[in-house]
Protein chains: 4
Amino acid sequence: MEPQTLSRGDTALTIAGRTFGSRLILGTGGAANHAQLAAAITASGTELVTVALRRVGPPSAHSEAPQPLTPGAADAAPPRRYPTGSILDVIEECGVGVLPNTAGCFTAEQAVRTARLAREAFGTDWIKLEVIGDEDTLLPDPVELLDAAETLVRDGFTVLPYTSDDPVLARRLEDAGCAAVMPLAAPIGTGLGVRNPHNLALICEHANVPVICDAGIGTASDAALAMELGCSAVLLATAVTRAADPVLMAAAMRDAVNAGRAARLAGRIPKRHLAKASSTFEGMADL
Amino acid sequence: MEPQTLSRGDTALTIAGRTFGSRLILGTGGAANHAQLAAAITASGTELVTVALRRVGPPSAHSEAPQPLTPGAADAAPPRRYPTGSILDVIEECGVGVLPNTAGCFTAEQAVRTARLAREAFGTDWIKLEVIGDEDTLLPDPVELLDAAETLVRDGFTVLPYTSDDPVLARRLEDAGCAAVMPLAAPIGTGLGVRNPHNLALICEHANVPVICDAGIGTASDAALAMELGCSAVLLATAVTRAADPVLMAAAMRDAVNAGRAARLAGRIPKRHLAKASSTFEGMADL
Amino acid sequence: MEPQTLSRGDTALTIAGRTFGSRLILGTGGAANHAQLAAAITASGTELVTVALRRVGPPSAHSEAPQPLTPGAADAAPPRRYPTGSILDVIEECGVGVLPNTAGCFTAEQAVRTARLAREAFGTDWIKLEVIGDEDTLLPDPVELLDAAETLVRDGFTVLPYTSDDPVLARRLEDAGCAAVMPLAAPIGTGLGVRNPHNLALICEHANVPVICDAGIGTASDAALAMELGCSAVLLATAVTRAADPVLMAAAMRDAVNAGRAARLAGRIPKRHLAKASSTFEGMADL
Amino acid sequence: MEPQTLSRGDTALTIAGRTFGSRLILGTGGAANHAQLAAAITASGTELVTVALRRVGPPSAHSEAPQPLTPGAADAAPPRRYPTGSILDVIEECGVGVLPNTAGCFTAEQAVRTARLAREAFGTDWIKLEVIGDEDTLLPDPVELLDAAETLVRDGFTVLPYTSDDPVLARRLEDAGCAAVMPLAAPIGTGLGVRNPHNLALICEHANVPVICDAGIGTASDAALAMELGCSAVLLATAVTRAADPVLMAAAMRDAVNAGRAARLAGRIPKRHLAKASSTFEGMADL
């Protein structure tokens with residue numbers, strides 16, 4: 001992976017004391033196969049990918065390396081390149097960090113239990129905390145989420161909660177000791193882009209931890225906009241893994257996040273109701 | 001200038017048989033000084049910049065190189081680096097092509113006369129045709145614009161008209177023999193971004209010449225969106241030259257145009273009303 | 001039809017010296033049958049409806065009343081209530097004025113000829129001028145439109161041109177002597193609502209004749225928004241005639257136009273980034 | 001107050017078994033004076049207004065009628081028309097119901113205490129529950145809000161909670177026994193309109209209690225849009241009380257709510273990308 005170079009005057013993304021050269025985090029769900037996922041990870045320039053424990057399986061299922069739990073997967077001969085057939089092989093090959101998540105949990109209790117299993121399975125106390133309130137929208141449940149976050153922070157986890165775009169909830173998660181807040185752009189997998197730029201801007205204005213826009217990104221301009229609103233990073237999965245060409249879309253997202261970050265730092269021109277010529281022609285030759 | 005590499009499966013931008021490695025065209029108006037403009041041009045990766053003849057002056061004003069017409073400019077000692085003090089020195093130094101424009105013209109007659117002077121002054125028959133209808137909005141006059149375009153095409157010019165986002169006018173300009181059409185995102189200098197994505201998409205769907213989004217871009221996500229809608233390139237000036245840090249914004253725009261182009265080619269996911277999980281958890285371990 | 005009462009401080013809509021109690025104009029195309037159209041006209045409160053000459057037929061086709069040209073219509077026994085089977089019977093019954101239009105014309109010449117036939121057929125020199133540029137979008141052709149408008153104004157017509165939302169073209173139509181300008185919200189029949197509020201606002205700010213938003217309205221809030229942006233009236237057809245319940249939608253549009261007009265006159269609160277309490281609690285009892 | 005008549009096929013708004021002829025609820029904060037407020041209430045057609053207990057004062061402060069707590073108000077001679085100088089006189093005169101609210105409360109405990117005082121003061125167990133999380137945005141605190149709602153429902157209150165536009169929180173409030181849910185359009189007093197139509201639509205699709213859009217409405221089209229998205233009613237205050245002409249804006253809001261409701265029931269046309277003519281001209285005379 002080619003190292004990202006910082007824009008002039010920029011600082012690296014730092015979460016809980018750990019520094020990242022890329023401001024893009026990739027989800028691994030939805031990829032057609034491991035080879036394509038590996039290529040997309042590399043093209044994206046990311047240094048951190050998130051994996052659902054429930055896709056990889058609990059630590060008890062592992063001998064040395066985690067095993068997939070997909071039914072039937074054990075029967076098929078794993079492709080050479082990824083000996084155990086696990087997504088963790090892909091991640092290791094790509095040389096990126098792994099951020100386990102609690103996708104598929106609907107209560108604080110489930111999420112806390114899953115986070116503890118993930119700590120054992122992945123050997124990290126970082127957790128992307130998802131507590132879903134609703135199967136149709138996969139939106140987070142604010143009460144269960146805050147409850148789980150408080151428990152996990154007490155437990156020594158570095159908690160990155162997937163949250164709604166509610167500025168008050170974001171502040172409460174920060175107050176609870178979360179290392180970042182991860183408000184959505186739109187519901188998971190909808191590709192609707194930033195539904196409420198005003199809320200995202202309010203969150204960014206008030207937060208003292210990194211704000212990572214998570215979920216709902218559909219295309220490159222969505223990712224750029226999230227960064228322009230003040231987000232520190234963007235997390236996305238299906239926008240890349242389910243694009244017609246995931247590798248090309250991964251490159252698009254890498255450029256879009258860099259573009260949005262640089263545009264934020266560069267100080268955009270104000271919006272005007274009426275035109276303003278780039279040149280004035282007063283005093284110039286009348287042709 | 002570092003050469004742009006094409007995305008997988010992409011082809012280079014070709015206008016009237018001439019190929020460009022970058023899909024960003026930069027306007028030169030509004031820059032604080034020549035050194036900053038040169039740095040922004042380089043950072044943007046552009047291969048083509050547009051210059052108003054009225055800023056440079058008619059050919060009669062030149063001995064060897066064009067002279068600036070800005071009052072008082074002759075009195076000031078030109079900086080060493082740009083011996084004649086002209087913007088053309090900057091362009092030559094940067095090694096980019098020049099696209100003269102007819103900014104400041106309000107009738108077809110004025111614009112045609114200005115285009116002819118520009119052909120002599122710049123030694124090119126390419127012209128960015130602007131015929132403005134209104135000093136408050138600097139919006140193009142559709143009737144005068146089409147009239148001037150027809151005359152200039154007959155005259156052998158390669159005509160790139162700055163137009164409204166009207167799909168019918170765009171088609172008529174194409175039918176008149178223009179080498180590209182350049183619909184606006186929003187009025188010049190407003191930074192409002194793409195006011196009418198629907199019209200821009202309609203123009204791109206029907207055009208058989210390159211569609212270059214010209215004017216109104218404010219920030220990186222605007223440029224990415226224009227490309228995602230199907231534009232072949234983006235032209236912008238004040239979004240870069242009047243940003244707080246023009247060089248950083250130029251780099252942002254370079255990345256944004258690349259991101260939008262790649263996202264368009266990569267085939268984005270469809271928008272959904274309800275969520276779609278990136279992973280399904282059926283058959284997985286109940287943690 | 002129940003008379004509309006003016007809001008406090010409002011004045012009636014006046015076009016070319018003729019005053020209207022309602023700011024809603026209804027198109028008649030798309031209605032399932034005459035009885036439903038009559039009910040919708042009444043529910044809308046409109047005082048003016050527009051009819052395509054090509055639907056009614058040229059004056060040579062009439063003996064006393066215009067005849068429909070729909071193939072086969074002559075075979076069917078006309079319903080009692082509308083003896084000639086013509087839409088003109090509906091209009092007469094409803095007691096509203098008729099504004100003939102040139103729908104279906106693609107050149108200035110066609111439109112001028114159609115307008116002259118309409119003058120004979122309908123006994124009015126008012127004409128809603130449509131010159132379409134494109135069968136896919138039905139968007140107006142700016143050059144043919146202006147040409148036809150100039151001819152018809154010279155010919156003594158009261159010209160109400162259906163135009164794009166281009167502020168420069170709107171001004172040129174006004175300068176040509178049109179009695180109103182009728183910019184679109186979106187292409188005919190799309191129901192997309194106001195695609196470019198900025199352009200519509202610019203047109204309203206600069207116009208000295210009534211601005212009537214014509215085409216593209218989908219629902220009530222679209223009509224209200226058009227009025228809030230400064231339009232003097234709204235013209236719509238399929239939003240009513242093709243709604244599931246045309247009569248109820250006609251009532252909705254009547255209320256929406258009144259609401260938008262009153263809101264414009266009432267002077268809305270400014271938009272704020274942060275909250276502002278309706279009450280302040282300083283000095284109040286601490287409960 | 002003129003009675004509202006229902007649209008064809010519509011049913012009256014019913015909250016907790018109580019039926020209302022109007023789907024507009026008015027807040028009383030921000031009015032310049034009592035006479036203007038009374039006129040606005042009447043013009044709006046509302047049958048229910050909301051009042052902050054903290055503006056009226058706790059029951060202990062009343063002898064027969066509630067007294068204002070505004071410092072100095074006791075010194076000024078109350079105007080004849082409103083003998084006690086209290087907003088309650090206005091409400092009584094207008095003959096509308098009163099919905100006390102807990103504005104100004106920042107914790108569940110405060111809100112519960114305030115609701116109990118309001119029950120005594122106003123003689124009603126209906127309460128608009130506000131628990132604010134943040135002085136800058138006045139956005140609701142999701143955790144404290146749900147906590148207070150659960151307590152008050154147990155206590156026998158009819159609870160109408162002011163909430164964010166989070167569909168999961170809305171469902172949890174409904175599950176807790178609230179009689180309605182009141183999601184915001186935008187933060188209080190911002191006039192930004194419906195920031196996230198997608199969330200509002202999701203809430204309306206899933207709710208089994210009335211959804212009342214509360215806060216952030218700026219103008220008539222905002223109110224119409226909220227109703228079109230499926231809301232059962234709209235609550236607003238400063239959009240009317242702080243408009244340049246509150247009485248006219250109240251009438252605009254009355255019409256806008258009716259328009260949006262009727263448009264929702266009438267079944268709008270689908271949105272199309274390309275045009276659809278209202279008439280077809282096949283088989284018609286070629287003019």
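**Two interfaces of chain C**

Chain C and chain D bury about 6,000 Å² between them, with 62% of that area on carbon and sulfur atoms. Please keep in mind as you look around that this is a predicted model.

Let's stay with this pair for a while. The contact brings together 72 residues of chain C and 72 residues of chain D. Which helices of chain C each supply at least two residues of the side that touches chain D? They are α2 (53-56), α4 (108-122), α8 (220-228), α9 (238-241) and α10 (246-266). Sorted by class, the side of chain C that touches chain D holds 38 nonpolar, 20 polar and 14 charged residues.

What about specific pairings across this interface? Between chain C and chain D there are 16 residue pairs in polar contact, where both residues have pLDDT 80 or more. Salt bridges are another matter: the count between chain C and chain D is zero.

Now turn to how the two copies are arranged. Chain C is superposed on chain D by a rotation of 180° with 0.0 Å of shift along its axis, at an RMSD of 0.0 Å. That is the relation of a two-fold axis. The interface residues tell a matching story: 100% of those of chain C are also interface residues in chain D, so the copies meet through the same surface.

Next, follow chain C to its contact with chain A. Here five residues come from chain A and five residues from chain C. The size of an interface is often given as the accessible area lost when the parts come together. For chain A and chain C, that buried area is about 470 Å², 54% of it on carbon and sulfur atoms. Which residues of chain A lose the most area to chain C? They are A:His198, A:His273 and A:Leu274, and together they account for 71% of what the chain A side buries.

The side of chain A that touches chain C divides into two nonpolar, two polar and one charged residue. Across this interface, four residue pairs are in polar contact, again with both residues at pLDDT 80 or more. The rule finds zero salt bridges between chain A and chain C.

To put the two side by side, chain C and chain D bury about 6,000 Å², whereas chain A and chain C bury about 470 Å².

Note on methods: Residues are numbered from 1 along each chain as its sequence is written. Chains are lettered from A and ligands numbered from 1 in the order in which they are written. This is a predicted model: local features need pLDDT of at least 70, side-chain atom pairs count only at pLDDT 80 or more; totals for chains, interfaces and linings use all residues. Side-chain values use heavy atoms; hydrogens and water are left out. Contact means heavy atoms within 4.5 Å. Buried area is the accessible area (1.4 Å probe) that two parts lose on being put together, summed over both. A salt bridge is a side-chain nitrogen of Lys or Arg within 4 Å of a carboxyl oxygen of Asp or Glu. A polar contact is a pair of N or O atoms within 3.5 Å; within protein, one must be able to donate a hydrogen and the other to accept it, and residues adjacent in sequence count only if both atoms are side-chain atoms. Helices (H or I, at least four residues) and strands (E, at least two) are DSSP runs, numbered from the N terminus. Ala, Val, Leu, Ile, Met, Phe, Trp, Tyr, Cys and Pro count as nonpolar, Asp, Glu, Lys and Arg as charged, and the others, Gly among them, as polar. Copies are superposed by least squares on the C-alpha atoms of residues with pLDDT of at least 70 in both.
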